[in-house]
Number of protein chains: 2
Amino acid sequence: MKVTVDAVVFSYHENELKVLLIKRAFEPFLDMFALAGGFLLDDESAEDGVLRKLKEETNVELDYLEQLYTFTDVERDPRERIISITYYGLIDPVKHDLVSNIHAKEVKWFPAYGVNYIPLAFDHKNIYDYALERLRNKLQYEPIGFELLSQHFTMNELWSLYNAILGRELDIRNFSRKILSYGLLNESTFKQEGGVGRPSKMYEFNKEKYDELKKTGLNFEL
Amino acid sequence: MKVTVDAVVFSYHENELKVLLIKRAFEPFLDMFALAGGFLLDDESAEDGVLRKLKEETNVELDYLEQLYTFTDVERDPRERIISITYYGLIDPVKHDLVSNIHAKEVKWFPAYGVNYIPLAFDHKNIYDYALERLRNKLQYEPIGFELLSQHFTMNELWSLYNAILGRELDIRNFSRKILSYGLLNESTFKQEGGVGRPSKMYEFNKEKYDELKKTGLNFEL
DNA sequence: TCAAAAGTGTTCCGAATACACCCATGA
DNA sequence: TCATGGGTGTATTCGGAACACTTTTGA
């Protein structure tokens, strides 16, 4: 039985959630857009396989990777029986530059909410939907939003990201208070540059603190 | 690459959460306890494969089945590269009778909290831990507790089940109010039999109502 | 009529929400 | 000094937690 790995990679830039798609350079589904991915090798774990394929096909390196689901429908691949172990990944926007290569005809960020209008190869639409739902849920009870921002960010940027992904307008004052109350953010020495009005404080996510709190049973919410 | 499916099957009887294990009849790990499972066939989905293997090895038929995680460590099987798609299942206690067969030397329910003291084959201990954690989490935000009870049950039985799985004593009055507030339980025409004191009302889970409410965005909690 | 367990009502507290005002900065 | 966006404080509301009493049944 053959096994592939596929990844739904999200990024947040231009005030929008984006997803990484490639235009297929081979049959089946030649020239159609699809998730990055490919066959898993015998000497690598699925995680390693995903990272390898992403590097090959898109040149991105992830900051966060989580297994999503394994799709096993008998008919999901027109060639033969192939199951797919799927992942979703998050990436720092400063790393979002893409590099063309022989594995794909095109590599591109698509607005996440426009993907519905693009036909995708295989059952990749299902996988994408599943990933988006998972991202939305997870965002609300795990501090993963930071993975989609640069190391130093303003509260407003974090808030905009939450609004964009959750699709509703949160009260920024309550949001800010809540986020800060977990003590997971350090004030950064960076200063916001440009823009009118009072410059915002910048923060950075304190991963060590998070790992420490997780042991004692932190429950992050909203 | 070979692919197996493995299942962590939970049941609740004798006021205890139990897990289904089999004693292996073949190498490797001959005579060791392990999860039910086996190789996935080319013409079946993973779900179908799990149900087939469970039927073969233990004769149980599940009321609830959910994919857990796919384990892909290169070294997880001493024979060769084998990945495992794992599931957890829940079963109505009236169906908990087990049947011996040629696929396993023994088929047995173990108290869930005693599994730590039993060496398990392969990486099945990891899988089991993962399943228990998932069950605990899921119990608190999806109405799956009913799947572990008979069709007709008392509020006290449901409450005991929650206490046993979550490992803490909930306030039964608040618990009862909360559960009933979702309107997912129908009062059953059954009457509790035997026992001292005032007989309890019996309820049954209304799955149709649940499916209906889920569409309009129910969020069950605790 | 008594014991045992089921069932209902009420108070209290804290967190979530909604909302208004003050502050810092650059032009 | 003024416009712009950042930051803080507070009243209100709602749900969760804690807790005590009444009801129903079988013996």
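Over all chains, the count comes to 36 salt bridges, a salt bridge being a side-chain nitrogen of Lys or Arg within 4 Å of a carboxyl oxygen of Asp or Glu. Before I go on, please note that this is a predicted model, in which local features need pLDDT of at least 70 and side-chain atom pairs count only at pLDDT 80 or more, while totals for chains, interfaces and linings use all residues. Residues are numbered from 1 along each chain as its sequence is written, chains are lettered from A and ligands numbered from 1 in the order in which they are written, and side-chain values use heavy atoms, with hydrogens and water left out.

Let me take one pair in chain B, where B:Glu44 and B:Arg52 meet through their side chains in a salt bridge at 2.7 Å, N to O. Here B:Glu44 is buried, with a relative accessible area of 7%, whereas B:Arg52 is partly exposed at 24%; buried means under 20% relative accessible area, exposed over 50%, and partly exposed in between, with a 1.4 Å probe and protein chains only. In chain A, salt bridges that share partners join A:Glu44, A:Arg52, A:Lys53, A:Glu56 and A:Glu57 into one network.

Turning to the DNA, 15 residues surround DNA strand C, with A:Arg173, A:Asn174, A:Arg198, B:Arg173 and B:Lys201 the closest, where near means that a heavy atom of the residue lies within 4 Å.
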